Every structure is written in structure tokens, then in C-alpha cells.
Amino acid sequence: MPRKKLNLKKSVRLYEEAKRFIPGGVTGIRRPINFIPGEYPIFLKSGKGGRITDVDGNEYVDLLCAYGPIIIGHREKMIDDAVIRQMKEGFCFNLPQIYQNELCKIFSELIPCAEQTILVRTGSDATTGAIRIARGYTGKTKIIRSGYHGWHDWCVEVKGGILPKTYEDTIDIHYNDIDALEKVFGQYPDDIAAVIVTGVGHPLNEPVVEPTPGFFGRIRELTRKHGSVMILDEIRTGFRISLGGAQKRYGVTPDLATFGKAMANGYCISAISGKREVMNVVTEGKVFISSTFFHNSLEMVASIETIKFLKKNKVIDNIWKKGEKFLEELRKLTENYSDIITLSGIPPMPFFTFPRDDAGKYKERRVRFYTECIRAGVFMQPYHHSYICYRHTDKDLNQVLNAVSDALKIIREV
Ligand SMILES: Cc1ncc(COP(=O)(O)O)c(C=O)c1O
């Protein structure tokens, strides 16, 4: 039996109001169209641990974790208290505070490539900064990329408002496609400034895949051979799949890497880390990276506390163990449905996608599946993988398993 539709009246009212003052009411990926319109809430009110509550009072297990920053859980006391203490001392000054040293030192201890680190604000700041450093260092032009790297001109998918010359030197390849990589190096042997790829393959609406053995290794070889920079975009994998990132887990040391999301449990900070030799273009002032808010310290304090918490509580181990068990249960639930649903991912990042069928029923199955889940109090994103956080309890994850089990029966009827 399909579950009852949620009461979303307040969300809908606020959305109508928002549309008067904000283009589209909500910008970017949080727009209702990116969920199931009419079924998902549009405004959230609060969160605690692994759960969130919307403005109408509906509570959900949060499996999207704010698209990745929530690694421990919402409103983690140790982190928030440290931020509040810092707020009382001040955090927006003419000159840096000591926390930048502390945080960048922690990076250098944990992350293989992080001889030096520059702290910025968003993931897009970090990836664009890394590209600029790579071009400044090599004097070359072209970028090979694979994955989502943010909303800036050189890489965003939606091209409206962007001059072609800002992205025409960016060449897209599929994740794990070594042939394509070699082909591009063959075409432009002397003009590849950088190869930037994500730590795990996670294209929107496609199954999540780990790097195949040899993918990172081949990138490393080709970038060395051709005098290009290897950049690992660890915005999603950093501080989530290992304390040393995907580079530690998969045994490759890139020249540069970008971090964000999980590094501060929700506070807005990101980082470009890399080899001193490459970073020298910034030291020498040849490449300029600066912004009014880059030095604000609240987020640095949050990140230092987050990483301390991750270490002290063995958070990454906890998430892998919990995620493995969860993924195993999901595998059992979906094994008789493999014709209509695909389970992919790694334990910290599970995902359901819907294989295309000639009759086009997969779209309806996706709508019905995620509709049943949200009605059962499970917040996932229909086109984006989920995340497991430290504060997800057995009760939370069992609620998800029950919701999935019921939803599968319903989509079999489509
Ligand atoms: C791998 C990756 N790189 C870069 C970005 C851009 O980060 P932001 O949205 O913070 O600008 C994202 C965001 O989802 C991402 O997943």
C-alpha cells in the first residue's frame, strides 16, 4: 500500500513567497525540481545527529547530509561550542589568526600530498584555485577533467552566460576511461596543464564507482611524462573515505588536491593542498588567490575540532563498518529487483539508480521509489548518492531499510 502524502503546507507557502524575492525561489541543486516536486519538503527547520526536521514538523533520517559536509552529525556540541568560544574573541580581522597554521599543519600530517595548504571557502574556490596554480606552474593551457568540480566557468555543465573561451580548453573524459585519457595526451602532448579527477567516480544520476586499478596510476605516469599536474578533487572523498583522503586509500600521491565538505562538519571552508614545488607559484606571487573571507577563523576552528573528533572517535572506521553492514542489507533487499534498480557505491556513499528501459518506465519507478521513501521519513536525493554519517544510529538505518523494502514492492507494480 502506498504511504500517505506528507503535510507540506508551510513549505509550499514559503516557496510561493520565495519566488517573489529569489529567482526560482531557491537556486541551484536545492530547487524542488531536483527532488520529487510535491512530495519533498522545500524548507528545513533543524537537524540533530542523523535526523532533520522540516518547517511542517516532518522528521527524516538525513541520508543526504547537506550534500556531504555533515560527516559527524548535525549540531555536534564539541564543534559548535568551539565555534561559539571563538565568536566571542572575534573571527574577521585584518590579519590571520593562529588557526590557519594549526589547520594546515594537521593537513600536512594526514594527507600525503599536503606539503602546503591554502584555505579557501567553497569547493569551487578550491578546484578553480588548483587549476590556476596548475596553469601558472606549467605555463600550459588544457585541462582534462572527470567529475563534478563546481560551478565556475571552466567546468560547469550549464553553459548559459559563459564565454566559450573560458571552457574550450577543458576536456571531459569518463571516469576510469584510460583510453580516452591517453588519446587526449596523444592529441596535446605539450599542452596539458592538469588532469583533475574526483577521488571516487560519482557523476550525477549514474552509479558511484571506485577508481579501477591503474586509473590513478596511469594519470600519475602521463602527467609526470608530459610535465602536467595531477589534481585529485577530494571535495567529497576528503575526511570521509579516509583521513588521508582517496589518495591515501588508493595509494597515489597527486601534485595538488582539493578538500571541502566533510572537513568542517558543515562549516564553510575548503582547501587546496599540494607539493611545495607546485605551490611555489603562489609563494612567489605569480598566481593570486585571495578573498575577503578566506581568513575568517570560525570555520578553521570548526575544521580543527572536526578533525580532532574524527580521530578521537575513529569516525571513518565507524562509518565504513556501519556502511558495509547497511550496504549488505540493501544488497539482500534489492537482489530480486536488479532488473529495475541498481545499487552502487562504497559503504560511506551508497546510491540507487534506475536502469533505462525501452518503455521509459524507469522514470516512474524512480519517482515512486523516492516518493515512498520520503513519505516514510527517509531523505535521499533521487539523482545523487547518499552519505552515511557518524551519528546515524541502527534505528535510523533500519528505518531506511524498512522504507526501501516497502518501496521496492511498490515499484515492482509499475
Ligand atoms: C567533487 C566536487 N568538487 C567540487 C565541488 C564544488 O563544491 P562547492 O559546491 O562547495 O563549490 C563539489 C560539490 O558538490 C564536488 O562534489
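Helices α4 and α9 lie roughly perpendicular to each other, a term that covers angles of 65 to 115 degrees. The structure is a predicted model, in which local features need pLDDT of at least 70 and side-chain atom pairs count only at pLDDT 80 or more, while totals for chains, interfaces and linings use all residues. Residues are numbered from 1 along each chain as its sequence is written.

The axes of α4 and α9 (residues 276-283) come within 9 Å and cross at roughly 95 degrees, the axes being lines fitted to C-alpha atoms over the stretch in contact, with angles running from 0 to 180 degrees between N-to-C directions. From α4, Ile133, Gly136 and Tyr137 meet Val278, Met279, Val281 and Val282 of α9, where contact requires C-beta atoms, placed from the backbone, to lie within 7 Å.

Helix α4 itself comprises 16 residues (123-138), which at 1.5 Å a residue should span 22 Å, and this agrees with the 23 Å between its end C-alpha atoms; the expected span is 1.5 Å times one less than the number of residues. Because 13 of the 16 residues of α4 are buried, the helix is largely enclosed by the rest of the structure, a residue being buried if 20 or more other C-beta atoms lie within 10 Å of its own. Just after α4, glycine 139 takes a positive phi of about 70 degrees.

Terms used: Helices (H or I, at least four residues) and strands (E, at least two) are DSSP runs, numbered from the N terminus. A residue is buried if 20 or more other C-beta atoms lie within 10 Å of its own, exposed if 12 or fewer, and partly exposed in between; C-beta atoms are placed from the backbone. Angles under 35 degrees count as roughly parallel, over 145 as roughly antiparallel, 65 to 115 as roughly perpendicular and the rest as oblique. Two residues are in contact if their C-beta atoms, placed from the backbone, lie within 7 Å.
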